[in-house]
Amino acid sequence: MILCANPKEQYLSHKDEIKLAIDKVLESGWYILGQEVKAFEKEFANFVGVKYSIGVASGTDAIFLSLKALDIGTGDEVITVSHTATATVSAIEATGAKAIFVDVEEEYFTMDVSKIEEVITDKTKAIIPVHIYGHPCDMNKLQKISKENNLYLIEDCAQASGAKYEDKDVGSMGDLGCFSFFPTKNLGALGDGGAITTNSKELYEKLLMLRQYGWDKNRESKFQGYNSRLDEIQAAVLRVKLKYLKQDIEKRNKVASLYYKYLKDTDFILPKVKDSCYHAYHLFVIKTDNRDKVLKFLEENNIMAMIHYDKAVHMNEAYKIYSNLSITEKIINNILSLPLYPELKNEDIKQISNLCINYKSLKE
Ligand SMILES: Cc1ncc(COP(=O)(O)O)c(C=O)c1O
């Protein structure tokens, strides 16, 4: 079976180094918030090109704690997209704030920034653009809109570690950047993990406290905090994988370029990339009116393709927020994510592409 994402292959690529790193932590006897987390935070901040990063327990927590650090909660509104992982919205709503959705651009899947100003109210406190699938949002316009309307800008970079907008890394252009290290992500741990990036010393110091009960150095709670710590083993694993992240993103781009090559001149609509963007290809999402049949045909041939996502967040029972999102509701019917991970072989990409094409010729 060729999987859609393959964290085990990633592990096997660096097995010896990862085992050594884990063993070092086990032998140290220090398992929570120690030297590995500190070193990872420094290295990750350098990678993203910001002054600070804070390791937390997940990408969801990264968003939740970012909002908390900005004192956003009950009575506030946060603008985001519904074409995203549920986590983006659950983190907003968990603070007590209300998620307000804007539609996405049909060709790029990212937030349609031209729709933002019509939903800004006097309750709006922040915008959370999602660099979905690894394609950066239009950050110049987002920075301008946030500045003009006095709103915080929090980047959801969960799917986009390693992506760039005009040569700047995602996570370096908003007030805060939120990353997930879920095992299948571009930078994946061997369990849950996340990080927040920022250039603000004040937010950095507040977030260090918020992730641990709001404690200051004397273990006095200065804020109503939370427990969301990145553990030492995950940090040690992430430090190994971070060394290869740039190269892994290049490999992801190589896989994508082969899909473009093999699937060009077909009826599949292939993902488009804006000139200003370096795509991190967390996912390679094509569009087809015959999505369910293609998916089934691939599955019959031991290829696992997936749908990200077959329901927009506002269509879920728990988040039935009234929204006018015609593009979001349209694309969920024909998107299909083909397998993509750095270790995927050329012959596999060719086989997957051929199966897609063969399916089409069989059908005709
Ligand atoms: C866009 C987006 N935001 C947030 C998250 C949440 O990350 P985590 O699963 O680490 O909590 C995810 C992960 O699925 C995601 O894809």
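In this predicted model, two helices each supply at least two residues of the shell around the ligand: helix 4, which runs over residues 59-69, and helix 5, which runs over residues 86-94. The shell holds 14 residues, and those that come nearest to the ligand are G59, T60, D156, S180 and K185. Sorted by class, the shell consists of 7 polar, 5 nonpolar and 2 charged residues.

At G59 the backbone takes part: one of its N or O atoms lies 2.8 Å from a ligand oxygen. As to its location, the ligand sits in the second largest pocket.

The secondary structure of the protein as a whole comprises 12 helices and 12 strands. The radius of gyration is 20 Å, while the globule rule gives 21 Å for 364 residues; the two values are close, so the protein is as compact as a globular protein of that length. The C-alpha trace spans about 70 × 55 × 35 Å along its principal axes.

Two features of the backbone geometry are also described. In general, most residues other than glycine have a negative phi, and most peptide bonds are trans. Against this background, D71 is not a glycine, yet its phi is positive, at about 60°. D71 is placed in the loop that lies between helix 4 and strand 2, the strand covering residues 77-81. Helix 4 is also one of the helices that supply residues to the shell around the ligand. The other feature is a cis peptide bond, which joins H308 and Y309 and has an omega of about 10°. Y309 belongs to the loop between helix 10, residues 291-300, and helix 11, residues 326-331.

Methods:
Residues are numbered from 1 along each chain as its sequence is written. This is a predicted model: local features need pLDDT of at least 70, side-chain atom pairs count only at pLDDT 80 or more; totals for chains, interfaces and linings use all residues. Side-chain values use heavy atoms; hydrogens and water are left out. A residue is near a molecule or strand if one of its heavy atoms lies within 4 Å of it. A polar contact is a pair of N or O atoms within 3.5 Å; within protein, one must be able to donate a hydrogen and the other to accept it, and residues adjacent in sequence count only if both atoms are side-chain atoms. On a 1 Å grid over the protein atoms alone, a cavity is a set of points where a 1.4 Å probe fits but cannot get out, and a pocket is an open set with protein on both sides within 12 Å along at least five of seven lines; lining residues have an atom within 4 Å of a point. A molecule sits in a cavity or pocket if more than half of its atoms lie within 2 Å of its grid points. Helices (H or I, at least four residues) and strands (E, at least two) are DSSP runs, numbered from the N terminus. Ala, Val, Leu, Ile, Met, Phe, Trp, Tyr, Cys and Pro count as nonpolar, Asp, Glu, Lys and Arg as charged, and the others, Gly among them, as polar. The radius of gyration is taken over C-alpha atoms; the globule rule is 2.2 Å times the number of residues to the power 0.38.
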